[in-house]
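Opened the notebook to jot down what I look up in this one. Plan: pick a few spots, check their surroundings, then go on to helix packing and the cores.

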Amino acid sequence: MLGSGEVIGELQMSWDELLDHGDEYLDLSFPPVRGVRPSLTLKATVVYTCDNQDGALSDSLLDCDIARDTDAGHARLAKYVTSKNVSHLNAAVEHFQLVLDQCPVGHPDHATALTNLACARLQGYIRRDLQDIDTTTSLFREALALRPQHHPDHPFSLYNLTETLTWRHKKRHTAAHIREAAQLYHVLLPLCLEGTYLRSVAAGARGVDYVINKCNNLPIDTSDEGICLRRVVLELCPLGHQLRPRALDRLSWVLDSRFTQYGSIDDLDEGIQFSREAVSLCPKGRSDRDHYLNNLAFSLEVRFDHQDKPNDLDEVIFLYQEALCLCPVGHESRDLSLDNLGSALVTRFNKRGDIDDITRAVSLSREALTLCPPGHPNRDTRLNNLALALKTRYDELDVSEDLNEAIDRCRESLQLKRLDDPERYITLYNLSSALCSRFTQTRENGDVEEAIQLCQEALASLPSLHPGRCRIHVWLREAYLSRFRIQHNPIDLSLAVESFRLGSRHPTYGFPERIMEAHQWTVAAEQHGHGSALEAYSTFFELLDAHLATRSSATSRREAATAFNCARTLPVDAASCAIRCDNLRHAMELVEQGRGQQWSLASRLRTPVEDLESANPKLAHNYLELSKRISNAAQSSASITDRAAADRAATEYRKLTRQWEAAVAEIRDLRAFSRFLLPPSYEDVQAAARHGPVIILIASQYSCSAIIVPTSGDPHHVPLSSITLTDLKTLKDRFSRAIQHASRMNPAELRTDLIVLLRIVWDAIMLPIVNVLEHVLKLKHRSRIWLCPTAAFTSIPLHAAHPFQTKADHSKEPCLEDLYICSYTPTLSALVRSRQMMKKRVPPSFVTIGQGQPGAGKGKALLAVDSELELVHKLVPATANRTTISGDAATRAGALQGLEENTWVHLACHGKQDPAQPYNSHFIMRDEHLTLLDIMDKDIPHAEFAFLSACHTAVGDEKTPDEVVHLAAGLQFSGFKSVIGTLWGVDDAVAKHVVEAFYKYMFNPKENGVMDCTKAAWALNCATHAVKTKVPLEQRMVFIHIGV
């Protein structure tokens, strides 16, 4: 039975008229009910009874009894509905019970009998004339079990059970029953066709909408079952449903809550997506828009704390400000909006240091507190956030009144917090932080003792994987360190280091906070001479690498890296620490691990896998496919500007990255590949020195030195005791001024300033290294060496070091390039990778690309470009396939095509290094710029050699100097094994002499057209010697060789 037992119509037809229809079906319709017109199809049949021995007569009589009692039950139930007389209800129940007794289990009408009885009982329960709802529920459950999926009455049985569960909830307020009702509606609604009576009652306000509302009001449940319920409720609210914003909001909130407990970024990202949709469904003017704005902003603020993406913080401030505008004075939610915006401004102040932010934050927090007088349920939170703002302002301005008030506000907040409040730990560690600051000021031992006790209490209140434990460890170690600095008890230092260790390695907190904690650990360990310094450096590099790996593009990785100013010096400081610990191999590993992370992360998707393909083709194929998918995802996400779409792309990228990491882990399970894509060991990077020693120059605040990696054996340490990091920075500035001055001089004039500086480079830096090469390694003159400068050394033209002195026999003292053939390498791994790719050789092809007329606003005309291209074309062996791209054909697309299709490239044009965003460094073409990112996007494994006859193609990035992000390095990354680049501006008319000399040495006619890119360093060395009389010093030393 469907409905509530009401009479909706009567059949006005005699039995004779009904029987006249014979075997035909009769369609009946009734007046509309709830907007739907009920209908019924009948067929009349005459049953003839006969007396036989098979019991046919008794069966027919029994069927007549069942029908008679069923009709009687419905009639009495209809009278009960209209008259509300309980006697009619009791009679209906009696009749239906008789029918059920006559239709035992197995009877074809058993399910119908169960339903009729249950429906009558439910009507009595609704009107409070029957109290037993358990029996009714059991009857409906039994009926549903007899009408499984695809049974024609399955939807009706589902509805009956949902209605029963709904009424149970209305009367008893049991969450379990409303949850089950939601699950059943999730199954039922897709079975209810539009326009049917069942759809009208199930999808209406008294049906599913009631269940949705009640589910939305259930307490937050972060269990899998609780979140599953929220997803079900959302599916019950399709697009256009009035309750969808609320359902989205509640699902977002429960996902955020689970993130807070367990730290899964997927939960937070998904919650933000739902919050964005909720806001989009609440247009301006809707009364509850501020609620949805605040919730979205809060989720983004949590994600900013976890991932440190600047765009998130900017959006947080914007959303909170809009929400506050919607909450004028007198609005019930104004205190919340004031407090939220104040807290966000504190966060922005901590990141960007604008004093106006913290001043306004304190003001907003005070106003929020005035709206929450004693007794207000939110007063504890407002007190805590005002205390945080005051403490932050104290840290900046050192006003003791702010600190004392912060402590008082924290104490009052803590008194109002219940012991089981899930956010009580925040007030505990905020009070601990303030007390620790006061201890540093007053040296009152009671303050630091209480600070430690508060942190320990906060830790005890949280489960082991709660993200909040990381921040508590931060303040606990600060308390221990503060006490150590005053009392000098080594136990406190050990306890602080343990807190550093636990905080930086806490697995469920965001990388940015843990990276900063690891950095603070390195500082404290170095400052106090603790033996954990090397462990701290390694932890920092591991965390930074993992953090950068979450970014999908090169630009976003650089943005993330530059957010940590401390990261600039840590690679060299770590190496310096290992050197002081007399562990040169580890120094090598640390400097290699810490430097060039941009290139390392990008190149891991292009790692050669020939050996793996031989050992396990299936794993190799899976790895390559996933690498390709990640690379494609990164490229497609780079152009996304919509925030919601960017969030979805980031989630997809993270999903692919996890699959890729799982594939890498499976590869490492193979014994021969146990170190696949791990930071290189000394043995791994020593392969870079196979054809000559590599000299790593380390410029640290603690010391300057060099490590020489020989072809075999242990590395050699060369102290550079006569120069400091400050000296190197001064030397860099002096070189910059000297180069600029020389560019304005007559070519024949003596470059006195440059000569003085190159003497300093020789005496203080290269001479001690040359002494080891000559007297310890016994390296023959004119052998090859590779220079790998770090930090401040990257801005010094080391290859041009020169004594500019005369011997007693009047011969000239040899300079570095007289003694050795010098090359550079960004990292040892880059050199190893280029050597590995040398295995893939194809017939050579040579393209000259030139753009001397870049167009208006793109730079002056380069008049010598065309003649330079013609000259190079003539000097290239005829055995190579030679092409030229110039003039109108030298566009961005044309140049890229030339790079991809040829193994050798000569590029003559304007080059520009972008110091603010080095990935936008570019070659100027006819139409658009050919950027470093364009080049990096190309994978050209067959490429061999590139000569970049353009300005600034090998100049590093000041913000991340150890990354060596420049055009020449980009070409090496894309596949070119050997590259000639430039350190500063090139005079194209003068440089043509170097170019001509270079190619004459590179392609000796006696070698029958052999093209060997490994000769490039030697050819450049010979060329710069050969043109001394034609080319001024600064234009000879501008060219450097990078690679094999």
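Predicted model: local features only at pLDDT ≥ 70, side-chain atom pairs only at ≥ 80, totals over all residues.

**Entry 1: Glu322.** I started with Glu322, which sits in helix H14 (residues 310-325). Is Glu322 buried or exposed? Its relative accessible area is 16%, and the cut-off for buried is under 20%, so Glu322 counts as buried. Next I looked up what Glu322 touches once neighbours within four places in sequence are set aside: the contacts are Lys284, Arg289 and Leu293.

**Entry 2: H12 against H13.** Two of those partners, Arg289 and Leu293, turn up again in H13, on the list of residues that meet H12. From H12 the contact takes in Ile265, Leu268, Asp269 and Ile272, among others, while the H13 side includes Tyr292, Leu296, Leu300 and His306. By type, I have ten nonpolar, five polar and four charged residues in this contact.

**Entry 3: H26 against H27.** Another helix pair: H26 (residues 570-580) and H27 (residues 584-594) cross at roughly 175°, and their axes come within 8 Å. That makes H26 and H27 roughly antiparallel as well. On the H26 side I noted Pro571, Ala574, Ala575, Ala578 and Ile579; they meet Leu584, His586, Ala587, Leu590, Val591 and Gly594 in H27. The tally for this contact is nine nonpolar, two polar and no charged residues.

**Entry 4: Val208.** Back to single residues. Val208 belongs to helix H9 (residues 208-216) and is buried, at 2% relative accessibility. What does Val208 touch, not counting residues up to four places away in sequence? I get Tyr185, Leu189, Ala202, Ala203 and Leu236. I also checked Val208 against Ala878: C-alpha to C-alpha they are 81 Å apart in space, and 670 residues apart in sequence.

**Entry 5: nonpolar cores.** Last stop. A reminder to myself: in soluble globular proteins, nonpolar side chains tend to be buried together. How many residues are in the largest nonpolar core here? I find 283, and those with the most contacts inside it are Ile765, Met766, Leu798, Phe923 and Phe998. Helix H34 (residues 752-775) gives this core its largest share, 13 residues. Another core lies apart from it, with 16 residues, including Leu656, Ala663, Ile667 and Phe673.

Notes
Residues numbered from 1 in each chain as written. Heavy atoms only, no water. Contact = heavy atoms within 4.5 Å. Helix = DSSP H or I, 4+ residues; strand = E, 2+ residues; numbered from the N terminus. Nonpolar A, V, L, I, M, F, W, Y, C, P; charged D, E, K, R; others polar. Core = buried A, V, L, I, M, F, W, Y, C linked by side-chain atoms within 4.5 Å. Buried < 20%, exposed > 50% of the residue type's maximum accessible area, 1.4 Å probe, protein only. Axes fitted to C-alpha atoms, helices over the stretch in contact; angles between N-to-C directions. Parallel < 35°, antiparallel > 145°, perpendicular 65-115°, else oblique.
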